[in-house]
Amino acid sequence: MARRKQTDELTIERVIQWGATLSPGQRRELIDGLLALDELSEDSDRTPKTNDGNGGGTGRGSIEKKTINGCGPYLYLRFWSGGKHRSVYLGKGEQD
């Protein structure tokens, strides 16, 4: 019987296994962030609404585009968790 090659591919199963190693507070923050992403993806065009950094985000969270030292845009998920405003770097976005 052939053995399956183990990869570093990120799967839902691996994320859940990793989540089991987190503290309850860390899991709650992860869930809040995922819920914010989910809510943003359910917008009319199925694309997240972005925020230019001057407010304007709605609902559970927003994605902010930032330009730093003339480079970017860099995308950040902004959301509330545990009474604190959180920010998670999502990666470099496309130029407008």
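**Entry 1: Leu75**

I began with Leu75 and listed its contacts (heavy atoms within 4.5 Å). Leaving out residues up to four places away in sequence, Leu75 touches Ile63, Glu64, Lys65, Val88, Tyr89, Leu90, Gly91 and Gly93. This is a predicted model, in which local features need pLDDT of at least 70 and side-chain atom pairs count only at pLDDT 80 or more, while totals for chains, interfaces and linings use all residues. Residues are numbered from 1 along each chain as its sequence is written, and side-chain values use heavy atoms, with hydrogens and water left out.

**Entry 2: Layout of the chain**

I counted 2 helices and 4 strands in the protein chain; they are DSSP runs numbered from the N terminus, helices being H or I of at least four residues and strands E of at least two. Read from the N terminus, the order is α-α-β-β-β-β. Of the 96 residues, 22% are buried, where buried means under 20% relative accessible area, exposed over 50% and partly exposed in between (1.4 Å probe, protein chains only). Among contacts with a separation of 6 or more, 19% join residues 24 or more positions apart.

I next checked how strand S2 (residues 61-68) and S3 pair: they run antiparallel, over 7 bridges. Two strands count as paired if DSSP finds at least two bridges between them. Within this pairing, Lys65 stands opposite Leu75 in S3. The two strands form a hairpin with 2 residues between them. Asn69 lies in the loop between S2 and S3. Its phi is positive, about 50°, although Asn69 is not a glycine. I noted Asn69 as exposed because its relative accessibility is 77%.

The one from Gly72 to Pro73 is cis, with omega near 5°. Pro73 lies in strand S3.

**Entry 3: Nonpolar core**

I then searched for nonpolar cores, meaning sets of buried Ala, Val, Leu, Ile, Met, Phe, Trp, Tyr and Cys residues joined through side-chain atoms within 4.5 Å. The largest has 6 residues: Ala36, Leu40, Ile63, Leu75, Leu77 and Phe79. Helix H2 (24-41) and S3 each give at least two residues to this core. S3 has the largest share, at 3 residues.

**Entry 4: Aromatic rings**

I found 2 aromatic pairs in the structure. The rule is that rings of Phe, Tyr and Trp (its six-membered ring) pair if their centres lie within 6.5 Å, with planes under 30 degrees apart called stacked, over 60 edge-to-face and the rest tilted. One of the pairs is Tyr74 with Tyr89, which is tilted, at 6.3 Å centre to centre and 50° between the planes. Tyr74 sits in strand S3 (residues 71-81) and Tyr89 in strand S4 (residues 84-92), 15 residues apart, and the pair links distant parts of the chain. Tyr89 is partly exposed, at 45% relative accessibility. Tyr74, Tyr76 and Tyr89 form one aromatic cluster.

**Entry 5: Salt bridges**

How many salt bridges does a search of the whole structure find? It finds 3, counting a side-chain nitrogen of Lys or Arg within 4 Å of a carboxyl oxygen of Asp or Glu.

- Arg28 and Asp32 meet at 3.0 Å, N to O. Both lie in helix H2, 4 residues apart, about one turn of the helix. Arg28 is partly exposed at 43%, whereas Asp32 is buried at 10%.
- Arg86 and Glu29 meet at 3.6 Å, N to O. Arg86 is in strand S4 and Glu29 in helix H2, so the pair ties together parts 57 residues apart in sequence. Arg86 is partly exposed at 25%, and Glu29 is partly exposed at 27%.
- Arg78 and Glu64 meet at 2.6 Å, N to O. Arg78 is in strand S3 and Glu64 in strand S2, so this bridge ties together parts 14 residues apart in sequence. Arg78 is buried at 15%, and Glu64 is buried at 11%.
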